[in-house]
Amino acid sequence: MDMQNFKTREKAAMAEPKIIARDVNVYYGQSQALKSIELDIAANEVTALIGPSGCGKSTFLRCINRMNDVIESCRVEGRITLEGIDIYNSGLDPVLLRARVGMVFQKPNPFPKSIYDNIAYGPRLHGIASGKDELEATVESSLRRAGLWEEVKDRLDSPGTGLSGGQQQRLCIARAIAVNPEVILMDEPCSALDPIATAKIEELIDELRENFTIVIVTHSMQQAARVSQKTAFFHLGELVEVGETDKLFTSPEDQRTQGYITGRFG
Amino acid sequence: MEQLALFFALIFLIILGYILGKGRAVALSGHAYHPLHSRLPYYGLYTAIWCGLPSLLLMAGWMAFEPAIAEAIVSSKLSASNQNLTSDQITLYVNDVINLASGGIISREVNNDLQAATDSYIFFRQISYFAMAVVAISLSLGGLFSSLKSISPDLRARNKVEKIISVVMMACSTIAILTTVGIVFSLIFETLRFFNKVPLTEFLFGLHWSPQTALRTDQVGGSGSFGAVPLFAGTMLITFISMVVAVPVGLMSAIYMSEYAGKKFRAFAKPLLEILAGIPTVVYGFFAALTVAPFFRNSGEFFGLDVSSESALAAGMVMGIMIIPFISSLSDDVMNSVPQSLRDASYAMGATKSETITKVILPAALPGIVGAVLLAMSRAIGETMIVVMAAGLAANLTANPLEAVTTVTVQIVTLLVGDQEFDSAKTLAAFALGLLLFIVTLAMNIVALKVVRKYREKYD
Ligand SMILES: Nc1ncnc2c1ncn2[C@@H]1O[C@H](COP(=O)(O)OP(=O)(O)OP(=O)(O)O)[C@@H](O)[C@H]1O
Ligand SMILES: [Mg+2]
């Protein structure tokens with residue numbers, strides 16, 4: 001375990017970061033939500049974004065797959081690159097970007113369709129699977145990777161909304177990985193779930209790290225400590241501190257980080 | 001006039017009951033610590049209800065039955081004194097008495113007999129009115145005092161008030177149901193009389209509609225033929241044309257308004273579209289007859305087509321425009337209520353706007369959209385005015401939209417317009433048509449409900 005951890009870290013340190021954010025400013029109308037964010041996100045790692053409510057974590061997350069485009073009043077300045085390609089200014093189609101950067105939301109939001117159709121939604125859109133057999137295989141493997149296959153394999157035709165909250169969230173994760181993205185963004189994926197479902201999802205995140213780069217917003221510092229390798233602390237729209245999770249939680253450099261962490265732990 | 005005075009007196013008593021009841025509860029609650037069962041207004045309401053409800057019911061009952069009773073008394077007196085009158089003559093005489101009493105025009109000389117009968121009639125009505133008023137007021141006062149007396153800290157006023165209110169609401173819904181049942185039964189009854197004159201098979205399968213029957217036996221008139229098929233075919237044809245116009249246009253504009261248009265445009269366009277629904281159908285009717293139909297005729301001539309001056313096409317088109325707002329406004333509401341989280345999910349999967357609309361929003365909104373379309377369709381089927389003016393009265397059995405056709409509702413109107421013998425086959429045919437139309441729309445609604453339920457995609 002230690003050895004492998006060491007290896008991935010070394011690999012990450014050597015390799016170019018997957019996502020690089022430079023001088024990112026975000027405005028909602030007149031008010032500024034993010035101030036000059038500079039952040040590197042390494043490949044095949046879990047990066048946790050923590051911070052008090054309203055500090056801009058979700059806003060930053062939505063910058064990475066350009067979901068902020070949907071919000072009329074929102075304006076993004078600065079540079080965010082995905083594997084060296086500027087996602088805002090290089091003419092990259094947001095549709096293609098979102099196929100590479102998947103997202104899981106705070107509240108499970110399966111489509112009101114069958115479980116099968118939920119998973120097949122992305123592959124059908126992007127023409128990933130050719131033919132029915134391949135699509136079925138994609139659906140099965142996505143559900144397996146999300147750890148949901150055993151629970152739903154006999155009821156693929158029943159509506160996804162009929163699952164439990166935790167199952168729905170795993171369904172959403174399966175839906176996101178069905179198009180085989182490189183990055184998965186998760187905005188408080190466990191906040192609506194009970195401890196057991198949360199544990200399952202955390203386990204899943206740890207497994208997914210092998211193949212995907214994961215950015216997760218969480219309010220639970222224990223969760224950040226459990227699942228992430230890097231942690232970034234946001235405060236009032238600023239990125240205060242970012243570093244190895246172990247280090248950030250044991251010996252934070254900034255006063256504000258310390259205050260937040262200790263305040264939370266009582 | 002007097003009724004109005006009584007009514008206001010009762011209202012006054014009710015308000016008084018409320019104030020007194022509440023006041024008594026206030027007095028009871030006092031300063032001592034002994035909590036009342038319910039909050040104060042409930043005691044007021046409790047008293048007010050006992051003060052008002054019984055006497056209002058009595059008043060309503062009196063208004064419903066008293067005229068009939070008075071009439072019965074007059075006619076029974078008359079038949080007792082004049083054994084040789086037929087029942088028709090008695091009815092006429094009683095009518096005269098009532099008209100004379102209210103100062104109306106009557107059909108005979110006013111003689112002593114008639115005057116006496118009228119006087120006694122007026123006298124009876126006054127007596128019965130005063131008796132009713134006295135009983136109502138004393139009921140009211142009795143209710144007031146007994147309920148005031150029963151107010152105590154332990155009186156479960158809230159429960160009682162709520163019980164009474166639920167009973168009142170149940171009575172109201174019962175009225176609605178009974179009315180429907182009554183209408184249906186009278187339709188069925190008259191329809192059965194119609195089928196005594198005209199065989200059911202002719203009505204259902206006959207291909208020829210010409211309801212002109214001889215009014216008198218010495219007239220040379222058609223015996224009338226009552227095949228309803230051309231009417232239903234006409235209805236379906238016009239409805240179909242109107243749906244072809246309205247569904248795509250309405251749906252597209254709904255999609256535009258809910259998904260593409262900015263907030264400002266929407267706030268301005270939606271009410272405007274809804275105004276379209278408020279235009280009286282007569283206005284659409286002459287628009288259809290004076291503008292659209294001639295236009296089709298002229299352009300038909302241009303292409304060498306023979307378009308009649310009243311055509312199903314013109315009526316259907318205008319009707320389609322009329323029902324656009326039903327479809328667009330309702331569908332727009334339904335699509336708006338599809339949660340944002342589903343849109344987000346779709347966009348996050350890399351779907352474009354149009355993909356999101358066709359693959360997520362429309363399926364989720366489908367039940368509502370089907371409902372909107374059905375509502376529009378029932379409007380189209382029941383529409384009369386436009387068809388009278390633009391499609392004509394000729395019961396042609398044709399699928400050609402360029403010819404004149406007629407619809408069920410139009411025929412019902414023409415059957416009942418003008419002087420008619422009430423029990424002629426011609427008049428009764430209207431009831432049969434009405435019943436059949438009712439059955440058709442009912443069946444349509446049931447099927448639609450089934451469809452909607454089957455394809456409903458649930459979301460929370
Ligand atoms: N759609 C929006 N329109 C206007 N302002 C917004 C919008 N979304 C977020 N904001 C503002 O931007 C700031 C950052 O919001 P954001 O949702 O990113 O916070 P967060 O860190 O995710 O908070 P939480 O932990 O509560 O989810 C807040 O001040 C918020 O009010
Ligand atoms: Mg958030």
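Helix H7 of chain A lies across strands S6 and S7 of chain A, running at about 170° to S6(A). Here helices (H or I, at least four residues) and strands (E, at least two) are DSSP runs, numbered from the N terminus. An angle is taken between N-to-C directions, from 0 to 180 degrees, with axes as lines fitted to C-alpha atoms, for helices over the stretch in contact; contact means heavy atoms within 4.5 Å.

This is a predicted model, in which local features need pLDDT of at least 70 and side-chain atom pairs count only at pLDDT 80 or more, while totals for chains, interfaces and linings use all residues. Residues are numbered from 1 along each chain as its sequence is written, chains are lettered from A and ligands numbered from 1 in the order in which they are written, and side-chain values use heavy atoms, with hydrogens and water left out.

**The six-stranded sheet of chain A**

- Strands of a sheet pair through backbone hydrogen bonds, either parallel or antiparallel. Two strands count as paired if DSSP finds at least two bridges between them.
- Six strands of chain A form an open sheet with mixed pairing, in the order S6-S7-S8-S3-S9-S10. Its edge strands are S6 and S10 of chain A, each of which pairs on one side only. From one strand to the next, the twist averages 15°.
- S6(A), residues 101-104, has A:Val101 and A:Met103 pointing one way and A:Gly102 and A:Val104 the other way, and all are buried. Buried means under 20% relative accessible area, exposed means over 50%, and partly exposed lies in between (1.4 Å probe, protein chains only).
- S6(A) and S7(A), residues 183-187, run parallel and are joined by four bridges. A:Gly102 stands opposite A:Ile184 in S7(A), and A:Met103 stands opposite A:Leu185 in S7(A).

**The four-stranded sheet of chain A**

- An open sheet of four strands in chain A has the order S2-S1-S4-S5 and antiparallel pairing. S2 (31-41) and S5 (85-86) of chain A are the edge strands, and each pairs on one side only.
- S4(A), residues 74-82, pairs with S5(A) in the antiparallel sense over two bridges. A:Leu82 stands opposite A:Ile85 in S5(A).
- Helix H2 of chain A, residues 57-64, lies across S1 (19-28), S2 and S4 of chain A, at about 60° to S2(A).

**Loop residues with positive phi**

- Most residues other than glycine have a negative phi.
- A:Asn180 is not a glycine, yet has a positive phi of about 55°. A:Asn180 is in the loop between H7 (165-177) and S7 of chain A, and is exposed at a relative accessible area of 53%.
- A:Leu236 has a positive phi near 50° and is also a residue other than glycine. A:Leu236 lies in the loop between S9 (230-235) and S10 (238-244) of chain A, and is exposed at 61% relative accessibility.

**Rings and charges**

- Rings of Phe, Tyr and Trp (its six-membered ring) pair if their centres lie within 6.5 Å; planes under 30 degrees apart count as stacked, over 60 as edge-to-face and the rest as tilted.
- By this rule there are 14 aromatic pairs over all chains. One of them is the edge-to-face pair of B:Phe7 and B:Phe8, at 6.2 Å centre to centre and 65° between the planes. B:Phe7 is partly exposed at 35%, while B:Phe8 is exposed at 53%.
- One aromatic cluster is formed by B:Phe194, B:Phe195, B:Phe203, B:Trp209 and B:Phe226.
- A charge sits over a ring if NZ of Lys or CZ of Arg is within 6 Å of the ring centre and within 35 degrees of the ring normal. The charged end of A:Arg75 sits over the ring of A:Tyr27, 4.4 Å from its centre, and A:Arg175 lies over the face of A:Phe111, 4.5 Å from the ring centre.

**Buried helix residues in chain B**

- B:Asp332 is in helix H10 (residues 312-336) of chain B and is buried, with a relative accessible area of 0%. Not counting residues up to four places away in sequence, B:Asp332 touches B:Ala254, B:Met257, B:Ser258, B:Arg266 and B:Lys270.
- B:Val360 is in helix H12 (residues 353-382) of chain B and is buried at 1% relative accessibility. With the sequence limit of four places again applied, B:Val360 touches residues including A:Phe111, A:Tyr121 and B:Leu342.
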